[in-house]
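Here are my notes on this model, as numbered points. Please read them with the structure open beside you.

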Amino acid sequence: MENTNKSKVEKGLDLIETSLMASGLVVGIIFGFVLQRGRFCMNSAFRDIILMKEYTLLKAVALAIVVQMIGFHLLATLGYIELYPKTFYWGAMIFGGFIFGIGMVLAAGCASGTTYRVGEGMMGSFVALLGLMIGGLITSGGALKDLKSYLQPSEGALKAITTDNPGPYLGNANLTLANVFGLDPWIFVVIIAIIILAVLIWKRGGSEETKTEGTAYEKIFKRGWNWWVTGIAIGIIGIIAFIAYKKYALGISGGWFGFLEALITPDHDKLNWFTFLVIGVVIGAAVAAVIAGEFKLRAPNARRLLQQFIGGLIMGIGAVIGTACNIGHILSGVPQLALSSILGGIFIVLGCWVAAYIMFMRG
Amino acid sequence: MSSDVKPTETLDVRGEVCPYPDVKTQKKLKKMKSGEILEVLLDYPLSAERIPRSVEKLGHEVLKTEKTGTGEWRILIKAK
């Protein structure tokens, strides 16, 4: 009797688990489709500011952050979700973020850019992804484990800083812009949103608008999207991800670490929601690329492949030490006003700029 | 397809990854004389959209951007 009941409960839990994983796959497919259509890559977004004074993708990133910041706080205020800012290990955020930024320039794509380009058929991105997974695993449980514990210690100067008074909407005691200042999160949400939107409206138009001719079908499936379409779409997907997964919004690197771990060990528990999400991203991007006539298996020369692999490796190390990649920090953490993600994000950008300067701008 | 303008030089960056198509295009244009035409062949979607934008900002004239095949583009630029 007891056994039957137990198995029913277990079956129920399995069903919930399965549908949760399925939701990851579905959200991932939509996310991948939008990433490919919008060419959404933070490596390009940040690097191009200094390299070619190009702000198109930066605008998309900024708009996605605003949409999510409002969406997350609205959902939290209504009681649908709690926010989960990442732990504030300041040394780990600075070091991990900085090397992640360097890695993504070498890899020719951030975690999300690399993932969607695998779906476009770019072999260099596939190699970078292998590097990312390996780099992640050697840092979480392999040769670089000690470096991680040194930068994420439980005692000493580098230990996590938390708060006794987290304020509203949070599911943990981690630092946010709001609770550090002891103010209502909405004050920051409104101020940041107004500033970003004002700049975007002020700087609108110009050459950054893609010339859109043709039917609606062609605009959606055949041409690259305008930055504002991409920004709003990514923002909405992030909000859907938070509703689906409950404990966080979008993330990329953690999903790939789980994927490799599940491959090399019999431990299928390592397959997490984000693993299904990233597999979905590759599928969604491939579908988008095939429809647009942009799917092509292509590879750069061997030297470049090696450069991308090393870049991926560094990204993986940086993502584990810094506790998230560009998506986990900048796209999902910053809209939660997480201090960890703001610091990590700043150093991702700085690492990107230093590497871009050395690689492309000297001489 | 290519009966229009005769390019002075051709830059084939097919296979190259972000942002090498853009960087190599700009470097090449810098070396070219005013009025000369550069043909860029590439297969990286983001650069196919970004190169026309960024070289126009630098004062060069984009004569044509065309999709020449699955995942391949050809851009004609007149150096300033």
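1. Start with the loop between α14 (302-321) and α15 (326-331) of chain A, where A:T323 lies. The model is predicted. In it, phi of A:T323 is near 65°, a positive value in a residue that is not glycine. Most residues other than glycine have a negative phi. Is A:T323 buried or exposed? A:T323 is buried, because 25 other C-beta atoms lie within 10 Å and the cut-off for buried is 20 or more.

2. Now look at A:Y169. This residue sits in the loop between α7 (145-151) and α8 (177-181) of chain A. A:Y169 is not a glycine, yet its phi is positive, about 75°. A:Y169 has 22 C-beta neighbours inside 10 Å, so it counts as buried.

3. Chain B has a feature to check in its backbone. Which residues does the cis peptide bond join? It joins B:C18 and B:P19, with omega about -5°. Most peptide bonds are trans. B:P19 is found in the loop between β1 (9-12) and α1 (20-31) of chain B.

4. Next, the core. The largest nonpolar core has 127 residues. A:V278, A:A285 and A:M315 have the most contacts inside it. Helix α13 (residues 273-292) of chain A gives the largest share of this core, 13 residues. In soluble globular proteins, nonpolar side chains tend to be buried together.

5. Take A:A285 by itself. Leave out residues up to four places away in sequence, and A:A285 touches A:G32, A:F33, A:L35, A:Q36, A:Y116, A:G119 and A:E120.

6. Two helices of chain A deserve a look. The axes of α6 (residues 123-140) and α12 (residues 253-264) of chain A come within 9 Å and cross at roughly 80°. On the α6(A) side, the contact includes A:L129, A:L132 and A:M133. On the α12(A) side, A:W256, A:F257 and A:F259 are among the residues involved. By class, the contact of α6(A) with α12(A) has 8 nonpolar, 3 polar and 1 charged.

7. Last, the two chains. How many residues of chain A are in contact with chain B? The count is 25 residues of chain A, in contact with 18 residues of chain B. On the side of chain A that touches chain B, α2 (42-51) and α14 each supply at least two residues. α2(A) gives the most to that side, with 4 residues. This side of chain A has 7 nonpolar, 9 polar and 9 charged residues.

Notes: Residues numbered from 1 in each chain as written. Chains lettered and ligands numbered in written order. Predicted model: local features only at pLDDT ≥ 70, side-chain atom pairs only at ≥ 80, totals over all residues. Core = buried A, V, L, I, M, F, W, Y, C linked by C-beta atoms within 7 Å. Buried ≥ 20, exposed ≤ 12 C-beta atoms within 10 Å, placed from the backbone. Contact = placed C-beta atoms within 7 Å. Nonpolar A, V, L, I, M, F, W, Y, C, P; charged D, E, K, R; others polar. Axes fitted to C-alpha atoms, helices over the stretch in contact; angles between N-to-C directions.
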